Every structure is written in C-alpha cells, then in structure tokens.
Amino acid sequence: MKILIVNKFLYPNGGSETYIFKLGDCLKKHGHEVQYFGMEHEGRCVGNHAEAFTSNMDFHGGSKLSKLMYPLKTIYSTEARKKIRLVLDDFKPDIVHLNNFTYQLTPSIILEIVKWRKDNHRKCRIVFTAHDYNLICPNHMLNNPNTGKNCENCIGGNYISCTKGRCIHGSAAKSLVGSMEGYFWKLRKTYKYIDAVVCCSEFMKTKMDSNPLFMGKTVALHNFIESVDREETKKKNYVLYFGRYSKEKGIETLIEACKQLPDINFIFAGTGPLEEQLSGVNNIIDVGFKSGKELEKLIREAKFSVYPSEWYENCPFSVMESQMYGTPVLGADIGGIPELIKNEETGELFSSGNLQDLINKIKELWNNQGKQIKYTQNCQSTVFDTVDDYYYKIMKIYIGKAG
C-alpha cells in the first residue's frame, strides 16, 4: 500500500511530528511505501520523490509583502494545491493521511486530492488524525486564552465567536481571519470528503461528532507510546510535575496548592510563560526542561505525579509516560485524561481547576503509603498501545473496516 502522510511541519516540532515520523517508520517496516508532503524548511527530514513542498510560512518573520498576503494564504493556498498535485501524480497513493494542515497548507489540498481521484478514477481514501480541535475551533483548543476559560461557542459553525473573543493570540485581526477560514470551508463543505477521522480520545470524538460532516466517520484511538523496561525503583520524597508551565495546564492552581502544602516537596520539570511564578515558593524545586534519561529518573523516583490541566486535553503523553515508568498520576478530570488513568488503581482524579480538591487529594495521597504502593504496583502492569499495536488498528481504518 502507498501512503502519503501530510503535515504542515516535516521536521521535529512537537507531538504531531513525533506521531507522523514513528508511524511512517512503522508502516515502512511492514512493507508499505510512505512519502510525506508539507512545508519546505531547513530542518526538513522527510519528503517525497517529486521534491514538491510548499514555501515556508513564518508568521513571526518574513517580508512586509509576505505578511500582507498571509491572511489570504492561510484560508486558501493555490500553491499547496499545485504542489500536492505533483506528489499525487508521481506517487499515486492509496491513502492520503492528513494531520495538521490548516493555515499553512489549508483545506484546499483536500479539493485537489478529490480532483485527482476523479481525474484518475482512483479510490484513494482520505484519513485525518485530529491532534487538536482545529476543524471545529479556529484557535484549535476550545479555550479562550484571554479568559483562560474553556469555550465551545464555535462548535456548530458559529465561528464569529472567535472574532468576538479575540481567541487567536488575543488579536482581533488574526481572530477575524480564523473566523473567515471557518466559514469559508463550512460553506464549501470540503470536510465531507474526509473518509475517516481518527480521534485520540473518546472525549475528542464526542466533540468532533458535533459536526454533521464527521458524524459516523470518527474512530477513537489513543496515541501510541514506546514500551519501557519495567523495574522497581526506590521512591523519593517528592511529587512531580513535568510539562509546560502555562495557564491552561493548571500551573497557577498547582503552584497555589504547593504554597498551602509547605510540608510536601515538589519538583517541577519544564519551561513556559509562568516560569517566574515558581520562584520564591520554598517547597518547589524547578529543575527546568528535562528529557531522556534525566526525565525518566525523575518520573521513576517520584511518589506520584500531578497533571492539573484546565483545558480539554486529548491524550496527554505525560499521563501515559508516568504510569509506564511505574509512577501513579493524580490527574484533572477533564478532556481525555480520565480515559488514561484507572481511578483508584493507577492514580486518582480531582476536579479540574478546583484548588481545594487538589490540595485535599495531594495531601491524602502523600500521607497514604498503602495507596502509593498499591497504585505503583498497578502501574507496573499498565499497558498502552505501542506503535506496532497502533499499526494494526490504523490499517483497519485505512481499508475502511474500523468501527
């Protein structure tokens, strides 16, 4: 089978890129041909035989002329249609697997795939993995960053709410473009051509199903994670948070909880805009961004980790990773987080954004060694899909037999 994987970034940039690279490698391992389409970039590490890519769109740089053209190019891209056609004509894929494509590549590429199918009488299926809420929410998060509140006003196609709330970078102009983009493609009904939508949580599936064009096409499939060696580790006296230091991640609430629990030690591993708020809190040690073996050691040795998110998380890797390394998770009961934690088996849940509930749950779990031991032991047998497990499930979706 020939699979064309489409993603705006073709270099290591975040979770969706990790996903496409590892999935692509797995597909090739199983004998499939894989090529990629996206933007050109000096860090690009995958590609296609036609050597066709769109020009890089740097929203934070570029000439004044290019910046003036961005509002139009983020809605519809003639260049993207022409370039993906070159790849389609050369590669002749059986599957086009879309990932993050809005704003840089734009949904116009879907129209070209459909045209190519018709011109060549081919049955190439279009599969889309939803890494966020970008096809139902212009700012991708179902969250207004100005208020910090979760927002579903655009669900159902009421995209003017994005402009009213200045939901994209707090900018009226950018938010207007986001609203225009939503309405343009809603009127074109372009998303009806997507054959299957892979949602990385059951929660996301319910939100995507709010769009009649997706209902009946969505499949919930948690992300994959690499298997790790199971080993008993002596726990140390600290609670761990690892991830981004930002409002939507619940960091402000967690910091306040730390202040009110002075007898409990906390280690924070990460970076982000709220980093300065950690300074001066005596029971917080900020070790900065960690990865690889350093992060693994921090996770394994923690009594438990906390994931206090306050936005609609989908399938947070940190929650899975903590349990895989044998460390229970105290997680917020929001989005897809509850799907990943076996409550009172591999961790516990607290009411998202509820400071007092978070304080109570941290204190109770910290002081209950029996629960810590039980949850830790249960984590040792926790199983999530590896990329090979995921492969067999995605293949069913590719051939139209999932559901």
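The lining of the second largest pocket is made up of 6 polar, 3 charged and 1 nonpolar residues. The model is a predicted one. The space in this pocket comes to about 260 Å³. Its lining consists of E232, T233, K235, K303, Q369, Q372, I373, T376, Q377 and Q380.

Helix α11 runs over residues 355-367 and holds 13 residues. From its first C-alpha to its last it reaches 18 Å, close to the 18 Å expected at 1.5 Å a residue. The buried residues in α11 include D357, L358, I359, I362, L365 and W366.

Helix α8 covers residues 251-259, and its buried residues are I251, T253, L254, I255, A257 and C258. What lies over these buried residues of α8? The cover includes helix α11 together with the strands β9 (239-244), β10 (266-271), β11 (284-286) and β12 (304-307).

**Two asparagines in loops**

N134 sits in the loop between β4 (125-130) and β5 (143-144), whereas N158 is placed in the loop between β6 (149-150) and α5 (160-165). The table gives the accessibility of each.

| Residue | Relative accessible area | Class |
|---|---|---|
| N134 | 7% | buried |
| N158 | 37% | partly exposed |

Why is N134 classed as buried? Its relative accessible area is 7%, and the class takes in values under 20%, so N134 is buried. For N158 the value is 37%, which lies between the limits of 20% and 50%, and therefore N158 counts as partly exposed.

Not counting residues up to four places away in sequence, N134 touches N100, T102, F128 and H140. With one of these, T102, there is also a polar contact between the two side chains, at 3.3 Å. F128, another residue that N134 touches, has a number that falls within the range of β4 (125-130).

Which residues does N158 contact, leaving aside its neighbours within four places in sequence? They are N153 and Y183. N158 and M320 are 162 residues apart in sequence, and their C-alpha atoms are 34 Å apart in space.

How values were computed. Residues are numbered from 1 along each chain as its sequence is written. This is a predicted model: local features need pLDDT of at least 70, side-chain atom pairs count only at pLDDT 80 or more; totals for chains, interfaces and linings use all residues. Side-chain values use heavy atoms; hydrogens and water are left out. Helices (H or I, at least four residues) and strands (E, at least two) are DSSP runs, numbered from the N terminus. The expected span of a helix is 1.5 Å times one less than its number of residues. Buried means under 20% relative accessible area, exposed over 50%, partly exposed in between (1.4 Å probe, protein chains only). A polar contact is a pair of N or O atoms within 3.5 Å; within protein, one must be able to donate a hydrogen and the other to accept it, and residues adjacent in sequence count only if both atoms are side-chain atoms. Contact means heavy atoms within 4.5 Å. On a 1 Å grid over the protein atoms alone, a cavity is a set of points where a 1.4 Å probe fits but cannot get out, and a pocket is an open set with protein on both sides within 12 Å along at least five of seven lines; lining residues have an atom within 4 Å of a point. Grid points are joined across faces, edges and corners, and a volume is the space filled by probe spheres set on the points. Ala, Val, Leu, Ile, Met, Phe, Trp, Tyr, Cys and Pro count as nonpolar, Asp, Glu, Lys and Arg as charged, and the others, Gly among them, as polar.
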